[in-house]
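My entries follow in the order I made them.

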Amino acid sequence: MTDTDTRIQPKKTGLTRRQKRRLSRAAQYAVFVAAVIAFAVTADWGRLQNQFAQAHIARQLFPDLITVALKNTVLYTLSGFVVGLALGMVIALMRLSSVGPYRWLAGIYIEIFRGLPALLIFIFVGVGVPLAFPSIQYPGGTYGKVAVALGLVSAAYMAETIRAGIQAVPKGQTEAARSLGFSPARAMISIILPQAFRIILPPLTNELVLLFKDSSLVLFLGVTLEERELSKFGNDLASSTANSTPILVAGLCYLLITVPLSLVVRRMESKALKEIR
Amino acid sequence: MTQPEIRVQDLHKSFGDNHVLRGIDLEIGHGEVVCVIGPSGSGKSTLLRCVNLLEEPSTGEVFVGGTEITDPDVDIDAVRRRIGMVFQQFNLFPHLNVTENLTLPQRRVLRRDKAQAARIAAENLARVGLSEKADAYPSSLSGGQQQRVAIARALAMGPEVMLFDEPTSALDPELVGDVLAVMRRLAEEGMTMMVVTHEMTFAREVADRVVFMDGGVIVEDGTPDQVIARPRHERTRHFLSRLLDPAMAEVEEGTSDQVGKPAQ
């Protein structure tokens, strides 16, 4: 045995690798099953159904749920997205400018609006600005107000996304365009931006999902019945019916939009991964 | 030879402390094919990129077709239309198909109409032998095909001068020949060409002149026969022997100032 003594002997532990794996999995399932059983036993199902799933109250929500609330949520979100995209684009280009003050301004904007809660910006735009400048009228009333508020919030994020997208386009693309005689601006528009947007389509769509949820902040602005979106609508009807079913239904409406969008994003991302050879 | 197509005068270029070009004087006549060879880091690519101002020279002048392009008041976009450039990494526009790669620059830069741009694109694709790939996207082409499309794209702009920056260095060896064949044809058609390359066969057979650069200066400049077959300078000989017979090179404690003195 003198020879083999120098070799390292595998240390014997109590369990083999397979046993450890089985044990770990069994423990996780056990916790899960216990939690489900505990919830099923302790929950007051009658009360829950009464509070969240009243069919007659749910029916009462139609058609306004769709024709007013969902429509407004979509409108607020899309208009905010358009404003945010346009402003974000400008800020991204400023951030990449060769002129110092533009870069600083864009940097300051991004830091401020990424650092503030969206709600604060909503109140500022919806309440503060009209009080401070009575002469300013938002075009489109509440719609304009919301578009500006959501746009200001999302522009900061989108600017960073767009900047990253532009910088992700290889330098050789700019050089090829310039060597063909494209001016810097034309190279940016015809060659760089189309490629940048292809790269940032997933994160931009994610931003759209975030905006759908942020549009609920309209709740804190005074809006007319016709201007209510999903959250405000659900909240109003929940208090008028003294029941939470409208909240649940409004929530489902959000998911109806955000879940498919998220799936689309995941699809685009896996497709983009495949394209990188 | 009347006025040279390209004239470089006392060109210097530094990146920070790194003095890459240390006084380059070079003239390339109309219809001349000049191959620039030299070890990596010798500044040959930088010199080429200075000729269409992709790199801004630190000092010195560059004239192309009689225009001083280093003049800050010159319309560089207009000058670049006369200078075609082919890159080592092809740099095709991946979001456009082959035909669009050729037509978009013509339409945006030269303001040619759709039909004319399409016609010229088709002509130049035929010139590089890739008519059947007109609708393909760059990512579906081999490296050699991409490079030929890149050459066609440059040619579609009707340049008077073509610059090639190591056009075959990123290619698999079996694909090099197709690209060189296109370049050889172009040379025979009388195009003024400046080619940074490691392809000695091409330099020997196609070039009118070979320029050997090392350490940011032109060491030797002459016919292929003079520079490649009978180099006068030790540095050129050393470089060529390593290039032509890499398996015979010996380990040396090479720093750039030692290049040229064979290891003991």
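**Salt bridges**

I started with Lys232(A) and Asp236(A), whose side chains meet in a salt bridge at 3.9 Å, N to O. A salt bridge here is a side-chain nitrogen of Lys or Arg within 4 Å of a carboxyl oxygen of Asp or Glu. Both residues sit in helix H10 of chain A, four residues apart, about one turn of the helix. Helices (H or I, at least four residues) and strands (E, at least two) are DSSP runs, numbered from the N terminus.

Is Lys232(A) buried or exposed? Lys232(A) is buried, because its relative accessible area is 17%. Asp236(A) is partly exposed at 21%. Buried means under 20% relative accessible area, exposed over 50%, and partly exposed in between (1.4 Å probe, protein chains only).

I noted the ground rules at this point. This is a predicted model, where local features need pLDDT of at least 70, side-chain atom pairs count only at pLDDT 80 or more, and totals for chains, interfaces and linings use all residues. Residues are numbered from 1 along each chain as its sequence is written, chains are lettered from A and ligands numbered from 1 in the order in which they are written, and side-chain values use heavy atoms, with hydrogens and water left out.

Next I took chain B. Arg82(B) and Glu160(B) form a salt bridge of 3.2 Å, N to O. This pair links distant parts of the chain, 78 residues apart. Arg82(B) is in the loop between helix H2 (76–80) and S6, and Glu160(B) is in the loop between helix H5 (143–155) and strand S7 (161–165). Arg82(B) is partly exposed at 23% relative accessibility. Glu160(B), at 37%, is partly exposed too.

I then checked Glu189(B) and Arg127(B), which meet in a salt bridge at 3.0 Å, N to O. Glu189(B) lies in the loop between helix H6 (176–188) and strand S8 (192–196), and Arg127(B) lies in helix H4 (residues 114–127), so the pair ties together parts that are 62 residues apart in sequence. Glu189(B) is partly exposed at 44% relative accessibility. Arg127(B) is partly exposed at 31%.

I also found a network. Salt bridges that share partners join Lys171(A), Glu175(A), Arg49(B) and Glu55(B). How many salt bridges does the structure hold over all chains? The count is 20.

**Charged patches**

Arg17(A), Arg18(A), Arg21(A), Arg22(A) and Arg25(A) form a positive patch. Patch residues have over 30% relative accessible area and no salt bridge, and like charges are joined within 9 Å. Arg22(A) belongs to helix H1 (residues 17–42) of chain A. Arg22(A) counts as exposed because its relative accessibility is 57%.

A negative patch gathers Asp10(B), Asp25(B), Glu27(B) and Glu61(B). Of these, I placed Asp25(B) in strand S2 (residues 18–28) of chain B.

**Positive phi**

I looked up two backbone angles. Most residues other than glycine have a negative phi. Ala242(A) has a positive phi, near 55°. Ala242(A) lies in the loop between helix H10 (230–241) and helix H11 (245–275) of chain A. With 64% relative accessibility, Ala242(A) is exposed.

Phe90(B) also has a positive phi, near 65°. Phe90(B) is in the loop between strand S6 (83–86) and helix H3 (98–109) of chain B. Phe90(B) is buried, with 9% relative accessible area.

Contact means heavy atoms within 4.5 Å. Thr46(B) lies in helix H1 (residues 44–51) of chain B and is buried at 12%.

Ser42(B) sits in the loop between strand S3 (33–37) and H1 of chain B. Ser42(B) is buried, with a relative accessible area of 1%. Leaving aside neighbours within four places in sequence, Ser42(B) contacts Val20(B), Met213(B), Asp214(B), Gly215(B) and Gly216(B). I also took one distance.

Definitions and conventions
Patches are made of residues with over 30% relative accessible area and no salt bridge: like charges are joined within 9 Å, nonpolar side chains (Val, Leu, Ile, Met, Phe, Trp, Tyr) within 5 Å. Accessible areas come from the Shrake-Rupley method with a 1.4 Å probe; for residues, only the protein chains shown count as cover. Lys and Arg count as positive and Asp and Glu as negative; His and the chain ends are not counted. The place of a charge is taken as NZ of Lys, CZ of Arg, CG of Asp or CD of Glu.
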